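This report describes one protein model in plain terms. Please look at the sequence and the structure below before reading on.

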Amino acid sequence: MTEQQKIHPVVDVEAPAPTVPLVPPGSATSEKGSPVQHRLPQRTIPVIHKRPPKKRSCCCKCICWTISLIVLLLIVLGATVGILYLAFRPKLPKYSIDSLRISDLRLNFDMTLYAKFDVKITANNPNKKIGIYYEQGGRLSVWYTNSKLCQGSLPKFYQGHQNITKLDVVLTGQTEAGSTLMSALQEQQQTGQIPLDLKVDAPVAIKLGKLKMRKVRILGDCKLVVDSLSANNIISIKASNCKFRLKL
């Protein structure tokens, strides 16, 4: 044969297709012929839940900032007060009762007790760098036990550094139940020792250098013992004990 013959495989279309076994190799079958599948043992892996980080609330932050700010302000305020104290060395003013004179002491027709006292006071400012403004509204009063006999107004003035000022204050007043009070004063006068209480209430403003500070009050209480309450006579002050304090 001059030409080589090519041989091709013949495919039988009607031949059945090869079947794939339904049961995988190595598996068993039940009595009914159904395959029995062997399940592999499952392994349980524990899951660890992490807690989310705690977040500070806005309220907590505000409280912390507020406390920090207050502490800072207190530190600044304390440092400022300390510096001012070291720079100015403030001292309370000193007061003394120089004389006490009764111009009038009598019973009125309505049985009230009328009293008029003239008081001389010395105010001493010992500070070298601090001035004192005595503002309007200052009061001076004289008491016997719990009864106010009279009162008067303190003058408005400025007292400079290391200054001594003399004040003349007129006190007047009327007291209820005058007959009872007059009898008690006359009985006490026979002993030659009459206790009186002189009270001071003075609004002042402190001047530090050229800076005028806010108003404060000087409160004073002087325990006096006098020998007589005779009118138009200079009364002898046998004992005097004065205490003063500053009220912010």
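I75 lies in helix 1, which covers residues 58–88. Helices (H or I, at least four residues) and strands (E, at least two) are DSSP runs, numbered from the N terminus. The model is a predicted one, in which local features need pLDDT of at least 70 and side-chain atom pairs count only at pLDDT 80 or more, while totals for chains, interfaces and linings use all residues. Residues are numbered from 1 along each chain as its sequence is written, and side-chain values use heavy atoms, with hydrogens and water left out.

**A patch on the surface**

I75 is exposed, with a relative accessible area of 56%. Here buried means under 20% relative accessible area, exposed over 50%, and partly exposed in between (1.4 Å probe, protein chains only). Together with I63, I67 and V71, I75 makes a nonpolar surface patch of about 370 Å². Patches are made of residues with over 30% relative accessible area and no salt bridge; like charges are joined within 9 Å, and nonpolar side chains (Val, Leu, Ile, Met, Phe, Trp, Tyr) within 5 Å. Accessible areas come from the Shrake-Rupley method with a 1.4 Å probe, and for residues only the protein chains shown count as cover.

**The chain as a whole**

The protein chain has two helices and 13 strands. Of its 248 residues, 28% are buried. Its accessible surface comes to about 18900 Å², and carbon and sulfur atoms account for 58% of that. A contact means heavy atoms within 4.5 Å. Among contacts between residues at least 6 apart in sequence, 65% join residues at least 24 apart.

Two pairs of residues show how the chain brings separate parts of the sequence together. P90, in the loop between helix 1 and strand 3, is 118 residues from L208 in sequence, while their C-alpha atoms are 9.5 Å apart in space. P90 counts as partly exposed, at 41% relative accessibility. E176 and K148 are 28 residues apart along the chain, and their C-alpha atoms are separated by 9.7 Å. E176 is in the loop between strand 9 and helix 2 and counts as exposed at 63% relative accessibility.

**Helix 2**

Helix 2 has 12 residues (178–189), which at 1.5 Å a residue should span 16 Å; its end C-alpha atoms are 16 Å apart, so the two values agree. The expected span is 1.5 Å times one less than the number of residues.

Which residues of helix 2 are buried? They are G178, L181, M182 and L185. Seen down the helix axis, these buried residues fall within an arc of 100 degrees, so they line one face of helix 2. The arc is that of the directions from the helix axis to the C-beta atoms. The buried residues pack against several strands, including strand 3 (94–107), strand 4 (113–125) and strand 10 (194–208). On the face turned away from the buried side, helix 2 carries the exposed residues T180 and E187.

**Salt bridges**

Side chains of opposite charge can pair when their charged atoms come close. A salt bridge is a side-chain nitrogen of Lys or Arg within 4 Å of a carboxyl oxygen of Asp or Glu. A search of the whole structure finds eight salt bridges. The table lists some of them.

| Pair | N to O distance |
|---|---|
| D104 and R106 | 2.0 Å |
| D201 and R217 | 3.0 Å |
| D221 and K223 | 3.7 Å |

R217 lies in strand 11 (residues 211–226) and D201 in strand 10, so this pair ties together parts that are 16 residues apart in sequence. R217 is partly exposed, with a relative accessible area of 31%, and D201 is partly exposed at 26%. R106 is partly exposed too, at 37% relative accessibility. D221 and K223 belong to a network of salt bridges that also links D197. D221 is partly exposed at 27% relative accessibility, and K223 is partly exposed at 45%.

**Two positive phi values**

Most residues other than glycine have a negative phi. Q162 is not a glycine but has a positive phi of about 45 degrees. Q162 is found in the loop between strand 8 (157–159) and strand 9, and counts as exposed at 52% relative accessibility. A177, also not a glycine, has a positive phi near 55 degrees. A177 is in the loop between strand 9 and helix 2, and is partly exposed with a relative accessible area of 48%.
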